[in-house]
Amino acid sequence: MGRTGLLAAVFAVALAACGDDGNGSSSGSTTTSASTTSSTTTSTSAPDGCPFDGATTAVSAPAPADVLVLGDVRVAGHECFDRVVFEFRDPGAPGYEVSYVPGPIVMDGSGEPVAVEGSAFLQIRMPYATGFDFETSTPSYTGPTRFTPADTTQVREVVRTGDFEAILTWVVGLDEERPFQVFTLEDPNRLVVDIG
């Protein structure tokens, strides 16, 4: 294989890896935020050979036309970043508002304090989303509402802090404020947050 062929093969492998959500699923269809109020930075703490370009200020995308029902949440460490994935049962891109928020963290609706491990807190707010299936009157998401992953580098804890009036909110506790990327994947419909 010539040099051009080798470079093309390496690029194809790298592109395929970018679509992996940490659960063996991937998609060639991605959507970045529709509205961004952030500047790009590069993390200096990423491992050698792992540049990570991302935002350190708020990013957002508009809410969908219909309420999306949450089916799964996953948290995993990768070589160059940590990933949080929200998978929805319904088609259509989820809306989101992702930004750093000051502590203490409180529960949506009640205002009760919620302990989240970490020194910096990245809030993922998803309007028109819920973990409850109103058609069957049962929870659509029955997994943990608090993750303390063992294989992540930056993420200390991920905690649900709200599922109230069709607004789903989770907070990611980090070792320090770090750049992040937000995008969506299809088939199945997912919101992905990478933290470098």
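**Briefing: strands, cores and charged pairs in a predicted model**

Strand E11 is largely enclosed by the rest of the structure, because 6 of its 8 residues are buried. Buried means under 20% relative accessible area, exposed means over 50%, and partly exposed lies in between (1.4 Å probe, protein chains only). The model is predicted, so local features need pLDDT of at least 70 and side-chain atom pairs count only at pLDDT 80 or more, while totals for chains, interfaces and linings use all residues. Residues are numbered from 1 along each chain as its sequence is written, and side-chain values use heavy atoms, with hydrogens and water left out.

**Overall make-up**

- The chain contains 1 helix and 19 strands; helices (H or I, at least four residues) and strands (E, at least two) are DSSP runs, numbered from the N terminus.
- Of the 196 residues in the chain, 41% are buried.
- Among contacts (heavy atoms within 4.5 Å) between residues at least 6 apart in sequence, 66% join residues at least 24 apart.

**Strand pairing around E11**

- Two strands pair if DSSP finds at least two bridges between them.
- E11 (residues 120–127) runs antiparallel to E8 and is joined to E8 by 5 bridges.
- Within that pairing, Glu97 stands opposite Arg125 of E11, and Val101 has Phe121 of E11 as its bridge partner.
- E11 also runs antiparallel to E17, with 8 bridges joining the two strands.
- Arg125 stands opposite Thr169 of E17.
- Strand E8 (residues 96–101) pairs in the antiparallel sense with strand E5 (residues 59–61) over 3 bridges, and Val59 has Val98 of E8 as its bridge partner.

**Nonpolar cores**

- In soluble globular proteins, nonpolar side chains tend to be buried together.
- A nonpolar core is a set of buried Ala, Val, Leu, Ile, Met, Phe, Trp, Tyr and Cys residues joined through side-chain atoms within 4.5 Å.
- The largest such core holds 31 residues, and those with the most contacts inside it are Phe86, Leu122, Met126, Trp170, Val172 and Phe180.
- A second, separate core has 6 residues, among them Val114, Val116, Val159 and Val171.

**Aromatic pairs**

- Rings of Phe, Tyr and Trp (its six-membered ring) pair if their centres lie within 6.5 Å; planes under 30 degrees apart count as stacked, over 60 as edge-to-face and the rest as tilted.
- The count of aromatic pairs comes to 6.
- Tyr141 and Trp170 form an edge-to-face pair, because their ring planes stand at 75°, with the ring centres 6.1 Å apart.
- This pair links distant parts of the chain, 29 residues apart: Tyr141 lies in the loop between strand E14 (138–139) and strand E15 (146–147), and Trp170 lies in strand E17 (residues 167–174).
- Tyr141 counts as buried because its relative accessible area is 6%, and Trp170 counts as buried because its relative accessibility is 0%.
- Phe86, Tyr141, Phe147 and Trp170 are linked into a cluster by ring pairs.

**Salt bridges**

- Side chains of opposite charge can pair when their charged atoms come close.
- A salt bridge is a side-chain nitrogen of Lys or Arg within 4 Å of a carboxyl oxygen of Asp or Glu, and the count comes to 9 salt bridges.
- Asp194 and Arg83 form one of them, with the closest N and O atoms 2.6 Å apart.
- That pair links distant parts of the chain, 111 residues apart, since Asp194 is in strand E19 (residues 189–195) and Arg83 is in strand E7 (residues 82–88).
- Both Asp194 and Arg83 are buried.
- Arg74 and Asp72 meet through their side chains in a salt bridge of 2.8 Å, N to O.
- Arg74 is buried at 12% relative accessible area, whereas Asp72 is partly exposed at 28% relative accessibility.
- Arg178 and Glu176 meet through their side chains in a salt bridge of 4.0 Å, N to O.
- Arg178 is buried at 6% relative accessibility, whereas Glu176 is partly exposed at 41% relative accessible area.
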